[in-house]
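Work through the exercises below with the sequence and the coordinates open. Each task is followed by a stepwise solution.

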Amino acid sequence: MAVSLARVLAALSGINEDLLGQSLENVAVDSAVLALVAWGWKRDTEAQQSKLQRAAKGAELAKLTIRTYSSDEDSSRNVVLPLSSLRQGRGIDKRVAICAASSDKLSSVLKASIPLGPTLMENDWIIVPIVVPQGMAPLGLDKDLLEQKWLALPCGGNWKAVLYDEVAQASSQGIDLDADGFTIVMKKNGKVGQRTKGINMNRLCGEVMDRKEMGLDVTNI
């Protein structure tokens, strides 16, 4: 490109004027190539940055703790454990759906999800409802709901701080926390999979079941 620019300047100065047209064409082509390279570099940089941010968010979420109900023939009790303990290879192997919304929205969705309990468990889902922006577990849930093995409540930790940017981003995208809420999925491998508008238990189960039916890998998702 430097050579082409030099030729253009020379032609404009009256030297080798016959090369002006070709030199201008070369400059245009070189400029287009540089613009394409710059665009590709920007896309790669943004993708890498997004990947790093997701990894950092996954690490933050993994440190948060939940309280889940455990029962067997001899006893029943509440168990407190970090989300990291649900990763593949640590003895539990669960995929986690963090469902964030207002208290009323969460109560309504959870009650309606009780009939889906067997399907949620079959597809290894743990549902963690959290009231935002307060960053706390919903209050006043029925005893039969609290004893569902697919349900875990946030406890301790820094839930409000960790989810602050997710709540801010959801609000900036026009997601109504009272009417819709949003869902953050953590895969079995501990990575953050997606954040989607709304809370849809049927869709969560359906996505896993569809992959199973197609013969796709479901051990890490």
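Predicted model: local features only at pLDDT ≥ 70, side-chain atom pairs only at ≥ 80, totals over all residues.

## Exercises on burial, cores and salt bridges

**Exercise 1.** Describe the largest nonpolar core and find the element that supplies its largest share.

*Solution.* 
- Step 1: this core has 25 residues. Those with the most contacts inside it are L61, I66, L83, I98, V128, W159 and F182.
- Step 2: β3 (95-101), β4 (125-131), α6 and β6 (182-186) each contribute at least two residues.
- Step 3: the largest share, five residues, is that of α6.
- Step 4: a second core is separate and has 24 residues, among them A97, C99, L110 and V185.

**Exercise 2.** Locate T68 and list what surrounds it.

*Solution.* 
- Step 1: T68 sits in strand β1, residues 65-71.
- Step 2: a relative accessible area of 16% makes T68 buried.
- Step 3: the T68 side chain comes to 3.4 Å from the backbone oxygen of L151.
- Step 4: beyond neighbours within four places in sequence, T68 contacts R77, N78, V79, L81, K149, L151 and A152.

**Exercise 3.** Which salt bridges does D124 form, and which parts of the chain do they link?

*Solution.* 
- Step 1: D124 pairs with K94, and their closest N and O atoms are 3.9 Å apart. The cut-off is 4 Å.
- Step 2: D124 is in the loop between α4 (117-122) and β4, and K94 is in the loop between β2 and β3, so this pair ties together parts 30 residues apart in sequence.
- Step 3: D124 also forms a salt bridge with K188, at 2.7 Å between the closest N and O atoms. K188 is in the loop between β6 and β7 (192-197), 64 residues from D124.
- Step 4: D124 is partly exposed at 22%, as is K94 at 21%, whereas K188 is buried at 9%.

**Exercise 4.** Compare the accessibility classes of E147 and K143.

*Solution.* 
- Step 1: E147 and K143 meet in a salt bridge of 2.3 Å, N to O.
- Step 2: E147 is partly exposed at 29%, while K143 is exposed at 60%.

Notes: Residues numbered from 1 in each chain as written. Heavy atoms only, no water. Helix = DSSP H or I, 4+ residues; strand = E, 2+ residues; numbered from the N terminus. Buried < 20%, exposed > 50% of the residue type's maximum accessible area, 1.4 Å probe, protein only. Polar contact = N/O pair within 3.5 Å; in protein donor to acceptor, adjacent residues only side chain to side chain. Contact = heavy atoms within 4.5 Å. Core = buried A, V, L, I, M, F, W, Y, C linked by side-chain atoms within 4.5 Å. Salt bridge = Lys/Arg side-chain N within 4 Å of Asp/Glu carboxyl O.
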